Amino acid sequence: MIPYANTNEMKEVADDIKALANQLSETFDALYKRLSEVPEGTQEWVGGKANYYFATICSDKDEHKTLCTELETLANEIESEALTLEEIANEASQE
């Protein structure tokens, strides 16, 4: 049993995780956009092997999106638990 929980700190942690997950998602998006432009757009590396390499790399994009989504889900769960603890504490103080 947890005798004490700092719900304000829990909410701050949840907000931090959400912000970092968003930043990570934006970074991944920028990376994949940049990589997808190499074979045809910037033509820094062209040909069949370049197309294969960058297509293979971009196939991991969904896994990285899932990571960001899972981080946001974790943050939402932490925030929800903090709110639940506050409700329980408020009910207990009214008795």
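A search of the whole structure, which is a predicted model, turns up one cavity of 30 Å³ or more.

Student: About how much space lies in the largest cavity?

Tutor: Rolling a probe the size of a water molecule over the atoms shows where empty space is left. The search of the whole structure finds one cavity of 30 Å³ or more. The space in the largest cavity comes to about 30 Å³.

Student: Which residues line the largest cavity?

Tutor: Helix H1 (7-36) and helix H4 (61-94) each give at least two residues to this lining. By kind, the lining residues divide into two nonpolar, two polar and three charged. The residues are Ser25, Phe28, Asp29, Lys61, His64, Lys65 and Cys68.

Student: Which helix gives the most to the lining of the largest cavity?

Tutor: Two helices, H1 and H4, each supply at least two residues of the lining. Among the lining residues are Lys61, His64, Lys65 and Cys68, and H4 covers 61-94. With four residues, the helix that gives the most is H4.

Student: Is Ser25 buried or exposed?

Tutor: Ser25 sits in helix H1 and is one of the residues lining the largest cavity. Leaving out residues up to four places away in sequence, Ser25 touches Lys65 and Cys68. The relative accessibility of Ser25 is 13%. Buried means under 20%, so at 13% Ser25 counts as buried.

Student: Which residues does Asp29 touch, not counting those up to four places away in sequence?

Tutor: Asp29 lies in helix H1 and also belongs to the lining of the largest cavity. Its relative accessibility is 28%, so Asp29 counts as partly exposed. With residues up to four places away left out, Asp29 touches Lys61 and Lys65.

Student: How far apart are the C-alpha atoms of Asp29 and Asn6?

Tutor: Asp29 is in helix H1, which covers 7-36. Along the chain, Asp29 and Asn6 are 23 residues apart. Their C-alpha atoms are separated by 35 Å.

Student: Is Thr7 buried or exposed?

Tutor: Thr7 has its place in helix H1. Beyond residues up to four places away in sequence, Thr7 touches Ala82, Leu85 and Glu86. Its relative accessible area is 14%. The cut-off for buried is under 20%, so Thr7 is buried.

Student: Is Glu95 buried or exposed?

Tutor: Glu95 is found in the segment after H4. From C-alpha to C-alpha, Glu95 and Glu63 are 48 Å apart in space, and they are 32 residues apart in sequence. The relative accessibility of Glu95 is 83%. Exposed means over 50%, so Glu95 counts as exposed.

Student: Where does Gln43 lie?

Tutor: The phi angle of Gln43 is near 55 degrees, a positive value in a residue other than glycine. Gln43 lies in the loop between helix H2 (38-42) and helix H3 (48-58).

Student: What percentage of the residues of the protein count as buried?

Tutor: The protein exposes about 7,100 Å², and carbon and sulfur atoms supply 54% of that area. Ser25 counts as buried, and Thr7 is buried as well. Of the 95 residues, the share that count as buried is 16%.

Notes. Residues numbered from 1 in each chain as written. Predicted model: local features only at pLDDT ≥ 70, side-chain atom pairs only at ≥ 80, totals over all residues. Heavy atoms only, no water. 1 Å grid on protein atoms, 1.4 Å probe; cavity = no way out; pocket = protein on both sides within 12 Å on 5 of 7 lines; lining within 4 Å. Points joined across faces, edges and corners; volume = space filled by probe spheres on them. Nonpolar A, V, L, I, M, F, W, Y, C, P; charged D, E, K, R; others polar. Buried < 20%, exposed > 50% of the residue type's maximum accessible area, 1.4 Å probe, protein only. Areas by Shrake-Rupley, 256 points an atom, 1.4 Å probe, with all protein chains shown as cover. Contact = heavy atoms within 4.5 Å.
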